[in-house]
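Take a walk through this protein chain with me.

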Amino acid sequence: MRLISFLGTGDYIETAYSFESKTCRTRYVAHALASFAGPSEIRLIATTEAWNQHGDAMAQALSDAGRPVPEQVPVPTGGGPQQIWQMFGAIVEQIGASSSPVLLDITHGFRMQPFFAAACIQYIQSVLPSPPPIRVVYGEFRGSEQESPIWELTPFLEVLSWSRNLMMFLQTGQADEVVEPTKELGRKLRKQWAATDQSNPQPGLENLGKALEAFSGDFTTIRTGSLLVGKQPSAQRLWDAIERTRDEVDQQLPALALVLDQVRAMVEPLRTGGARLSSADGQRALLALARLYQELGRYSEAISVLREGWSTMGARHM
């Protein structure tokens, strides 16, 4: 694991940092996290002033604890455009170049550095083909005599990733990147439900992931029959899954509710109510599907669906 942290020029006061049922009394959150997580390498993003003020003390604390010697990642002090891009590049390089999972601590980030860290993570996850797993934490200092908790901020990154991937689905019909994370969270929630309180309804996010997968597969390959008709057409199945998980999404992933509403609006016109494609409802669904393909710039698919509509319209009794 690569631990990446920030150093500022503040007068850090010793406190008992706590994380995942462990505590460590220190001035520096990075020292506590190194004790908790046991990273194989440590990078400290710091200006020259911050490093001169705290670098030696931090290195000594880590050495005394038997942890790796930290390496400074120098960043400029100023806030001009050139300095900002230098800082952006330095953070991106430290996260993106890691061959192991990254634990990013933004507690002592100076001025815009924590915001930059979030932007860098989004950039890396959007651009790199195989970005490293990333966790983000923040230490809340509560004074020298109180226990100071370290908060896990990673779920907010996951929400951003889900939102980005769902928007990609809305723009292309491809749901590959959102299917597995949705099913994985669903499995996790189902296990928690089985181990705790089964009096509440069983979580359904795993089924939502499967419904997204089925719809995307049918939509991408123009399997019109599977999309629109049959015992369980994938458009109806996805609409039903969104309806059943609405409260669950509001509770577990509230930021995704708006995006899922857009997915629901996309598939709603494709519901046929079990009618044949030759029926009025079937014809309306085919036209809606052709228009959806057209909106996504998939003109060959739109033409194919229109041809199917013309064929079925003249075959009502066959």
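**A tour of the chain**

Glu180 is partly exposed, because its relative accessible area is 38%. The model you are looking at is predicted. Glu180 has a partner: it forms a salt bridge with Arg187, and the closest N and O atoms are 2.6 Å apart. Arg187 is partly exposed too, with a relative accessible area of 23%.

Now step back to the whole chain. It has 13 helices and 8 strands. The C-alpha trace spans about 85 × 50 × 25 Å along its principal axes. How does the radius of gyration of the chain stand against that of a compact globule of 318 residues? The globule would have a value near 20 Å, but the chain has 26 Å.

Buried residues make up 46% of the 318 residues. The accessible surface of the chain comes to about 16,200 Å². Carbon and sulfur atoms account for 53% of that surface. Contacts tell of the fold as well. Take those between residues at least 6 apart in sequence: 66% of them join residues at least 24 apart.

Turn to the strands. Strand 8 covers residues 147–152, and strand 2 covers residues 15–19. These two strands run parallel, joined by 3 bridges. To find the pairing by eye, look for Tyr17, which stands opposite Ser148 in strand 8. Strand 8 also pairs with strand 7, residues 134–139. Which way do strand 7 and strand 8 pair, parallel or antiparallel? The sense is antiparallel, over 3 bridges. Here the residue to look for is Gly139, which stands opposite Ile150 in strand 8.

Follow the chain out of strand 2. The loop between strand 2 and strand 3 (22–26) holds Glu20. Its backbone is worth a look. Glu20 has a positive phi of about 50 degrees, although it is not a glycine. Is Glu20 buried or exposed? Glu20 counts as exposed, because its relative accessibility is 53% and the cut-off for exposed is over 50%.

A second residue brings up phi again. Ile222 is a residue other than glycine, and its phi is positive, near 55 degrees. Look for Ile222 in the loop between helix 7 (205–220) and helix 8 (224–228). Ile222 counts as partly exposed, at 29% relative accessibility.

Back to the charges. The count of salt bridges comes to 18. One of them joins Glu14 to Arg25, with the closest N and O atoms 3.1 Å apart. This pair links distant parts of the chain, 11 residues apart. Glu14 sits in the loop between strand 1 (2–7) and strand 2, while Arg25 belongs to strand 3. Glu14 counts as partly exposed, at 37% relative accessibility. Arg25 counts as partly exposed as well, at 44%.

Another salt bridge joins Asp218 to Arg223. The closest N and O atoms of this pair are 2.8 Å apart. How do Asp218 and Arg223 stand in accessibility? Asp218 counts as buried, because its relative accessibility is 7% and buried means under 20%. Arg223 counts as partly exposed, at 39%.

Salt bridges can also join up. Glu243, Arg246, Asp261, Arg264, Glu268 and Arg271 are linked in a network of them.

Which residues make the patch of about 400 Å²? They are Leu287, Leu306, Trp310 and Met313. Helix 13 (residues 299–313) gives the largest share, 3 residues. Leu306 lies in this helix. Leu306 is partly exposed, with a relative accessible area of 34%.

How values were computed:
Residues are numbered from 1 along each chain as its sequence is written. This is a predicted model: local features need pLDDT of at least 70, side-chain atom pairs count only at pLDDT 80 or more; totals for chains, interfaces and linings use all residues. Side-chain values use heavy atoms; hydrogens and water are left out. Two strands pair if DSSP finds at least two bridges between them. Helices (H or I, at least four residues) and strands (E, at least two) are DSSP runs, numbered from the N terminus. Buried means under 20% relative accessible area, exposed over 50%, partly exposed in between (1.4 Å probe, protein chains only). Patches are made of residues with over 30% relative accessible area and no salt bridge: like charges are joined within 9 Å, nonpolar side chains (Val, Leu, Ile, Met, Phe, Trp, Tyr) within 5 Å. Accessible areas come from the Shrake-Rupley method with a 1.4 Å probe; for residues, only the protein chains shown count as cover. A salt bridge is a side-chain nitrogen of Lys or Arg within 4 Å of a carboxyl oxygen of Asp or Glu. The radius of gyration is taken over C-alpha atoms; the globule rule is 2.2 Å times the number of residues to the power 0.38. Contact means heavy atoms within 4.5 Å.
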